[in-house]
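Please keep the sequence and the structure open while reading.

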Amino acid sequence: MNKPETATHQCCSAFKTDCDASQSAENAFLPGHPAIAPPHFQLGEQHRVTAEAISHSKLRAVPEETSIKSGEPLLSVRGLVKSYRKASVEIPVLKGVDLDVQSGEFLAIVGQSGSGKSTLLHLIGQLDQPDDGTIVLKNERIDNLPTHLRDRLRNRTFGMVFQFYHLLPELTTLENVLMPVMIGRSLWQYWRERTEHRRRAMELLELMGLGHRLKHRPHELSGGELQRAAIARALVNRPQILLADEPTGNLDPATGQEILNLLRTLRQQEHLTIVMVTHDHSIAALADRIVCLAAGRIRSEEASLLPDRAAAPASRQMATGVVR
Amino acid sequence: MYRWLLCWRYLKTRYIALASIISVTLGVATMIVVNSVMLGFTHEMQNRLHGILSDLIFQSRSLEGFPDADWHMEQIRRVAGESIEAMTPTVVVPGMLNYQVGETWMTRPVQVIGVDERTQARVSDFSKYLQHPENRRQLSFELREGGYDVIDHQADGPSLPRDEMSLAGWEHRRRAARLRKMLEQLNGTSEAQPGQSLSEAPAFTNPFERSEINEPLVQFDPEKSQYTGAILGIGLASFRREGQDHFLLLPGDDVKLTLPTVGTPPRIVSDNFTVVDFYESKMSEYDSNFVFVPIRVLQQLRGMIDPSTGKGYVNAISIKLKPGADMNEVRDRLRAAFAPQYYAIETWRDSQGPLLAAVNMETAILNVLLFLIICVAGFGILAIFFMIVVEKTRDVGILKALGASGSGVMSIFLGYGLLLGIVGAGMGLVLGLLFVKHINEIADLLGRITGHRVFDPDIYYFYKIPTIIDPLTVGWIMFGALLIAVLASVLPALRAARLHPVEALRYE
């Protein structure tokens with residue numbers, strides 16, 4: 001496999017609305033073949049986290065029992081339409097987005113500010129409901145579920161990481177990480193299983209290099225630490241899909257790289273599927289696959305711009321953005 | 001789980017919200033204090049009202065009364081005998097009290113009550129309010145040698161001693177008589193002295209003297225004998241200044257009572273009595289109005305004894321009911337049995353109804369006003385909660401993104417409101433109870449600071465502010481305060497529950 005940083009991404013650059021990218025087919029990570037950690041994987045001296053450390057840790061995610069047949073996408077989005085109303089003017093944000101995400105994939109969605117990539121992520125993560133179109137998870141439609149089931153999906157199936165970390169300021173790091181566990185369980189249930197949950201949360205934090213920060217409040221942590229705590233929180237309920245909305249948007253490049261590498265390692269470790277939204281190409285380059293969102297549609301993706309594919313732009317694969 | 005954790009953390013980190021519930025605290029504390037004091041006063045008042053009034057009063061509508069108390073009592077027993085514990089006949093008649101202080105004659109309008117000394121104590125707490133311990137045990141109209149209470153036996157706190165009372169009794173009577181004799185010899189006149197028998201003064205021309213029935217003995221020696229005993233309300237014989245009682249006359253002194261006789265038109269009769277004790281119910285209305293004399297003497301004096309049968313007229317029968325008997329039910333049965341144009345049958349509550357109703361009304365109005373204060377506090381909570389919800393918009397978005405339901409978010413704020421209510425009302429409870437416990441010290445302190453007596457024993461005849469804490473009332477106050485705190489947080493909580501997660505997350 002190639003090193004991701006060798007890929008050149010010009011897609012959706014600030015100067016172009018149209019996406020064009022030259023990308024070799026070999027650069028695309030295929031589903032089911034997780035990437036090896038890149039050689040520049042490094043963290044701060046104080047809390048070094050290596051892929052080795054992670055693989056040797058006791059942290060073992062329970063493998064997802066996926067009912068889908070191999071080759072079928074884990075998550076499938078079709079014709080997604082969403083618009084916002086502002087002062088009686090309807091602003092369309094998504095105008096029919098089609099997207100497939102394979103199980104175990106690390107997908108990056110890139111696009112300009114305002115291109116609707118966050119909205120897409122919110123729709124997938126059940127924070128919002130589309131005006132039209134379908135979202136199918138493991139062959140089941142999830143965009144029209146009743147509220148309590150959507151709450152449940154947000155809690156158990158999706159893990160969310162935000163640009164601004166969004167930790168609760170009143171709680172310690174450990175409590176923040178435990179928050180999804182507490183939300184998803186009754187008081188009695190949580191109390192019964194509390195040691196187990198606490199161990200899981202502490203292991204995650206240890207992994208994130210925050211073992212010494214358990215009792216600290218968010219305002220005492222640095223940006224990188226906050227984001228790592230947020231990732232731990234997103235993972236504590238063992239979700240299948242991690243949705244990251246500009247996870248490095250507020251971090252300096254080195255810390256951003258560090259977070260990305262952490263995500264890649266975790267994906268392997270936790271059998272995660274990651275969908276990340278970013279406008280930073282150098283960050284997106286660390287993903288398995290990149291799709292580009294512009295003017296409310298998936299415009300292109302690197303894999304589709306292979307010479308033989310580019311010749312048939314109207315093909316289904318092009319339109320749906322599936323990498324094959 | 002997360003709800004309670006967050007409620008708790010919000011409670012610990014938002015002091016502004018605690019400020020908003022200070023009004024709840026104050027409201028609850030004030031309500032507890034006011035209710036305790038009002039209840040204390042009511043209770044004290046009822047005790048004193050009931051102390052003189054028996055459970056039921058069977059009265060004649062005319063001053064003349066009805067003949068043969070025994071026959072009436074038998075009839076009453078026949079109607080409601082199973083509920084009746086004791087009965088006693090009484091004669092109540094308006095009259096005039098005269099006594100001499102120095103050279104001045106004092107005249108007081110009084111209510112003269114003839115009581116049966118054997119049975120009176122059985123129907124009411126009458127004897128409890130007397131000043132001689134022996135009289136409290138067994139009522140007697142004989143003057144005691146001495147030993148009257150110097151310290152008010154009803155005061156359950158420090159009270160100023162009534163030193164003058166240590167002289168009361170035969171000792172006082174003999175001294176007064178000797179003094180009078182001495183003065184008579186010195187002056188050769190018949191100047192009346194305090195404690196002197198009025199009828200003995202030849203120069204004294206009392207227009208009522210002719211009608212006296214109880215003619216003085218030929219050789220009446222005030223050093224050795226007494227007139228008919230009379231028990232005076234303490235307010236008739238004393239005045240109070242700065243908590244200290246000063247007596248105008250003491251047990252052992254003689255007084256003169258003037259009464260209307262029966263018959264139309266009534267004549268005026270007058271006789272001498274010897275004060276044998278004081279009656280102190282601490283209800284100034286009673287203490288400065290009532291004079292108790294033996295019923296037989298009063299009947300004779302007023303001509304209420306039927307010469308043919310020797311049976312006396314009475315105008316009231318006091319009835320004490322057995323514990324647990326329904327006062328109103330017995331009253332209604334008696335009312336049905338006796339002709340209403342001749343007999344008025346009332347419970348003690350009926351006869352003091354307007355007074356008790358006024359006190360209850362005052363309590364109710366005070367409660368409504370104070371509860372309004374807590375309601376105002378509720379709006380304070382509402383405003384502050386809205387602020388907190390706005391401030392926490394993003395956190396609500398986060399919680400929803402992590403899978404919290406709308407009702408879960410709502411319950412955070414409802415729970416927060418409840419917790420604030422518990423803290424506020426709890427502090428109010430502690431504050432209120434402490435205030436009630438130390439109310440007299442606080443009143444003293446306030447009096448010292450302002451130079452005004454907050455609670456003047458001259459007016460109330462109590463040494464302390466009476467308080468009673470009714471757990472049920474306190475419970476209702478707490479419940480009301482909690483309810484208001486929760487109700488005030490409903491709107492903000494609903495708003496938080498309805499926040500759209502995406503918009504909430506975008507909120508800066």
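## Confidence of the model

This is a predicted model, and in chain A the mean pLDDT is 73, with 70% of the residues at 70 or more. Two stretches of chain A call for caution: over residues 1-68 the pLDDT stays under 50, although the model has 114 contacts there beyond four places in sequence, and over residues 303-324 the pLDDT is again below 50, with 33 contacts in the model beyond near neighbours in sequence. Where pLDDT is low, predicted coordinates should not be read in detail.

## An open antiparallel sheet in chain A

In chain A, 4 strands form an open sheet in the order β2-β1-β4-β5, and the pairing is antiparallel. The edges are taken by β2 and β5 (140-141) of chain A, each of which has a single partner strand, so that one side of each is left without a neighbour in the sheet.

Strand β1 (residues 75-86) of chain A is joined to β4 (residues 132-137) of chain A by 5 bridges in the antiparallel sense, and one of the paired positions is A:V77, whose bridge partner in β4(A) is A:I135. With strand β2 (residues 89-101) of chain A, β1(A) pairs over 10 bridges, also described as antiparallel; here A:V81 has A:K95 as its bridge partner in β2(A), while A:S83 has A:P92. The strands β1(A) and β2(A) form a hairpin with 2 residues between them, and A:A87 in the turn has a positive phi of about 50°.

## The helix across the sheet

Which strands of chain A does α2(A) lie across? The helix lies across β1, β2 and β4 of chain A, and runs at about 120° to β1(A). After α2(A) comes A:Q126, which has a positive phi, near 65°.

## A covered strand and the loop after it

Strand β6(A) is covered on both faces, since A:F158 and A:M160 on one side and A:G159 and A:V161 on the other are all buried, each having 20 or more other C-beta atoms within 10 Å. The strand is joined by 4 bridges to β7 (residues 241-245) of chain A, and the two run parallel; within this pairing, A:G159 has A:L242 as its bridge partner in β7(A).

A:F164 is placed in the loop between β6 (158-161) and α4 of chain A. Is A:F164 buried or partly exposed? A:F164 counts as partly exposed because 17 other C-beta atoms lie within 10 Å, whereas a buried residue needs 20 or more. The C-alpha atoms of A:F164 and A:G249 are separated by 8.1 Å, with the two residues 85 apart along the chain.

## Nonpolar cores

In soluble globular proteins, nonpolar side chains tend to be buried together. The largest nonpolar core here has 125 residues, of which A:L107, A:A232 and A:V275 touch the most other members. Residues up to four places away in sequence aside, A:L107 touches A:V101, A:I274, A:V275, A:M276, A:A287, A:D288, A:R289 and A:V291. A second, separate core of 68 residues includes B:A69, B:V112, B:Y286 and B:F292.

## Chain B

Chain B has 19 helices and 13 strands, and 41% of its 508 residues count as buried. Among its contacts between residues at least 6 apart in sequence, 79% join residues at least 24 apart.

Apart from neighbours within four places in sequence, the contacts of B:Y279 include B:Y129, B:L130, B:I231, B:D287 and B:F292. The C-alpha atoms of B:Y279 and B:G235, 44 residues apart along the chain, are separated by 8.6 Å.

## Contact of the chains

The contact draws 24 residues from chain A and 20 residues from chain B. On the side of chain A that touches chain B, α3 (147-156), α4 (173-184) and α5 (187-192) of chain A each supply at least two residues. By class, this side of chain A has 11 nonpolar, 6 polar and 7 charged residues.

Technical notes
Residues numbered from 1 in each chain as written. Chains lettered and ligands numbered in written order. Predicted model: local features only at pLDDT ≥ 70, side-chain atom pairs only at ≥ 80, totals over all residues. Contact = placed C-beta atoms within 7 Å. Nonpolar A, V, L, I, M, F, W, Y, C, P; charged D, E, K, R; others polar. Buried ≥ 20, exposed ≤ 12 C-beta atoms within 10 Å, placed from the backbone. Pairing = 2+ DSSP bridges. Axes fitted to C-alpha atoms, helices over the stretch in contact; angles between N-to-C directions. pLDDT = per-residue confidence, 0-100. Core = buried A, V, L, I, M, F, W, Y, C linked by C-beta atoms within 7 Å.
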